[in-house]
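Thanks for making the time this morning. I would like to walk through one model with you, and I will begin with a single side chain before I turn to the chain as a whole.

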Amino acid sequence: MLKNYTVAVKERGKTIKFLRRIIPGGADRSYGLHVARLAGLPEGLLKRAEVILADLESSGGAVPVRPEPSKAVAADGSDSLFADPVTEKLLHVDIMSMTPIEAISFLHTLQKEAEEGSGIT
């Protein structure tokens with residue numbers, strides 16, 4: 001037989017504390033944003049998620065029309081959950097000032113990083 005359990009939570013305003021105690025039953029609400037904050041996700045991403053959550057809660061769960069992504073947040077990649085270090089390095093290197101051996105070494109390093117990041121090793 002399956003039973004539903006959850007982690008006990010103590011709430012104070014917008015802050016929560018997981019009490020390290022497992023109790024029977026389901027959670028009374030979602031704590032995904034709190035967990036994401038504890039995990040250290042970028043604040044810009046969390047603020048956008050809060051806006052989406054508020055829209056969902058106010059519309060009774062109907063999925064809102066997706067707005068265009070913010071250019072200010074994505075421009076430097078600092079607030080992107082999916083920022084790719086290989087892409088960042090490629091965008092910020094001056095290949096015209098490299099010697100051929102430096103370029104080959106740079107490409108080799110990027111290839112290694114790409115392999116490690118993709119799980120293909």
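Glutamate 113 has a relative accessible area of 22% in this predicted model, and because buried would mean under 20% and exposed over 50%, glutamate 113 is classed as partly exposed. Its partner is lysine 89, and the two form a salt bridge in which the closest N and O atoms are 2.5 Å apart. That pair links distant parts of the chain, since lysine 89 sits in helix H4, residues 85-91, while glutamate 113 sits in helix H5, residues 100-118, with 24 residues separating them. Lysine 89, for its part, is also partly exposed, at a relative accessible area of 36%.

How many salt bridges does the structure hold? The count is five, and several of the residues concerned belong together, for Arg37, Glu43, Lys47 and Glu50 are linked in a network of salt bridges. Glutamate 43 and lysine 47 are both in helix H2, four residues apart, which is about one turn of the helix. As for accessibility, arginine 37 is partly exposed at 33%, glutamate 43 is partly exposed at 38%, and lysine 47 is likewise partly exposed, at 47%.

Glu50 leads us from the network to the second largest pocket, because Glu50 is among the residues closest to that pocket's centre, together with Arg29, Leu33, His34 and Leu53. The space in this pocket comes to about 300 Å³, and 14 residues line it in total. Which helices each supply at least two residues of that lining? They are helix H1, spanning 32-38, and helix H2, spanning 43-58. If we sort the lining by class, we find six charged residues, four polar ones and four nonpolar ones.

Let me move to the surface, and to the strands. Tyr5, Val7 and Ile22 form a nonpolar patch there, and together they present about 290 Å² of accessible area. Valine 7 belongs to strand E1, residues 5-12, whereas isoleucine 22 belongs to strand E2, residues 15-24. Is isoleucine 22 buried or exposed? With a relative accessible area of 55%, isoleucine 22 is exposed, while valine 7, at 33%, is partly exposed. Valine 7 can also be placed relative to alanine 27, which is 20 residues away in sequence and 7.8 Å away in space, taken from C-alpha to C-alpha.

Finally, the chain as a whole. The protein chain contains five helices and two strands, and, read along the sequence, they follow the pattern β-β-α-α-α-α-α. Of the 121 residues in the protein chain, buried ones make up 9%.

To gather the main points, we have a link between helix H4 and helix H5 through lysine 89 and glutamate 113, a network that joins Arg37, Glu43, Lys47 and Glu50, and a surface patch made of Tyr5, Val7 and Ile22. I am happy to take your questions.

Definitions and conventions: Residues are numbered from 1 along each chain as its sequence is written. This is a predicted model: local features need pLDDT of at least 70, side-chain atom pairs count only at pLDDT 80 or more; totals for chains, interfaces and linings use all residues. Side-chain values use heavy atoms; hydrogens and water are left out. Patches are made of residues with over 30% relative accessible area and no salt bridge: like charges are joined within 9 Å, nonpolar side chains (Val, Leu, Ile, Met, Phe, Trp, Tyr) within 5 Å. Accessible areas come from the Shrake-Rupley method with a 1.4 Å probe; for residues, only the protein chains shown count as cover. A salt bridge is a side-chain nitrogen of Lys or Arg within 4 Å of a carboxyl oxygen of Asp or Glu. Buried means under 20% relative accessible area, exposed over 50%, partly exposed in between (1.4 Å probe, protein chains only). On a 1 Å grid over the protein atoms alone, a cavity is a set of points where a 1.4 Å probe fits but cannot get out, and a pocket is an open set with protein on both sides within 12 Å along at least five of seven lines; lining residues have an atom within 4 Å of a point. Grid points are joined across faces, edges and corners, and a volume is the space filled by probe spheres set on the points. Ala, Val, Leu, Ile, Met, Phe, Trp, Tyr, Cys and Pro count as nonpolar, Asp, Glu, Lys and Arg as charged, and the others, Gly among them, as polar.
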